[in-house]
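I opened my notebook to record, entry by entry, what I looked up in this structure.

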Amino acid sequence: MLSSNLATLLRPYRLLANKHALSPIYRCLQFTPGKILGCSASTVLETKCDHGLAETICVDATAFLTILSSLPEAKEVTFSVTDGVLHWVCGPAKGRLASLAVDDMPTITRRAIRGAH
């Protein structure tokens with residue numbers, strides 16, 4: 001995925017993440033296969049995203065979004081996880097971000113719509 005597309009896709013999470021929250025649930029982004037999830041005390045936001053990670057990892061939202069805004073524009077960004085650390089490469093830039101231990105991330109439950117065929 002291009003860095004500029006990912007930055008646009010994750011822009012709403014800047015309003016959601018609270019770097020001063022005591023609970024890591026409100027400070028992190030959770031990457032799961034095919035989506036990214038973040039939450040505040042009143043909102044849970046889930047975004048479908050082809051980030052390429054096959055495992056679940058939580059990282060500090062403020063740190064990740066700051067890194068994302070500093071990446072070269074319109075360059076392919078790739079992610080991988082090794083020993084609980086998120087690694088990223090985007091053009092000549094590369095780095096890593098430690099994971100956060102989060103026990104119970106909220107989830108968005110899906111309800112069947114009645115009358116749908």
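**Entry 1: the chain.** How many helices and strands are there in the protein chain? I noted three helices and seven strands, where helices (H or I, at least four residues) and strands (E, at least two) are DSSP runs numbered from the N terminus. Before going further I wrote down that this is a predicted model, in which local features need pLDDT of at least 70 and side-chain atom pairs count only at pLDDT 80 or more, while totals for chains, interfaces and linings use all residues. I also wrote down that residues are numbered from 1 along each chain as its sequence is written, and that side-chain values use heavy atoms, with hydrogens and water left out.

Reading along the sequence, I found the pattern α-α-β-β-β-β-α-β-β-β. The radius of gyration of the protein chain is 15 Å, close to the 13 Å that the globule rule gives for 117 residues, so the chain is as compact as a globular protein of that length; the radius is taken over C-alpha atoms, and the rule is 2.2 Å times the number of residues to the power 0.38. I looked up the C-alpha trace too, which spans about 50 × 40 × 25 Å along its principal axes. Of the 117 residues, 34% count as buried (buried means under 20% relative accessible area, exposed over 50%, partly exposed in between, with a 1.4 Å probe and protein chains only).

**Entry 2: the sheet.** In which order do the four strands of the open sheet lie? I read the order as β3-β2-β1-β4, with antiparallel pairing, where two strands pair if DSSP finds at least two bridges between them. The edge strands are β3 (44-48) and β4 (57-60), each of which pairs on one side only. From one strand to the next the twist averages 20° (axes are lines fitted to C-alpha atoms, for helices over the stretch in contact, and angles run from 0 to 180 degrees between N-to-C directions).

I then followed β1, residues 28-32, which is joined to β2, residues 35-39, by four bridges. Across this pair, F31 stands opposite I36 and L29 stands opposite G38. The hairpin of β1 and β2 has two residues between the strands, and there G34 takes a positive phi near 85°. On the β4 side, four bridges again join β1 to an antiparallel partner, and Q30 stands opposite C58.

I checked the cover of β1 as well: five of its five residues are buried. C28, Q30 and T32 point one way from the strand, whereas L29 and F31 point the other way.

**Entry 3: the cores.** Which residues touch the most other members of the largest nonpolar core? Of its 24 residues, I listed L10, L29, F31, V59, F64, F79 and L86; a nonpolar core is a set of buried Ala, Val, Leu, Ile, Met, Phe, Trp, Tyr and Cys residues joined through side-chain atoms within 4.5 Å. At least two residues of this core come from each of α2 (13-16), β1, β4, α3, β5 (77-82) and β6 (85-90). The largest share, five residues, comes from α3. Apart from this core lies another, of seven residues, among them I25, C28, L37 and M105.

For F64, leaving aside neighbours within four places in sequence, I found contacts (heavy atoms within 4.5 Å) with L10, L29, F31, V59, F79, L86 and L97.

**Entry 4: two single residues.** Is Q30 buried or exposed? Q30 lies in strand β1 and counts as buried because its relative accessible area is 15%. Setting aside neighbours within four places in sequence, I found Q30 in contact with K35, I36, L37, T56, I57, C58 and M105.

P24 is found in the loop between α2 and β1, and at 23% relative accessibility this proline counts as partly exposed. Not counting residues up to four places away in sequence, P24 touches A101 and V102. I also looked up P24 and A41, which are 17 residues apart in sequence and 11 Å apart in space, C-alpha to C-alpha.
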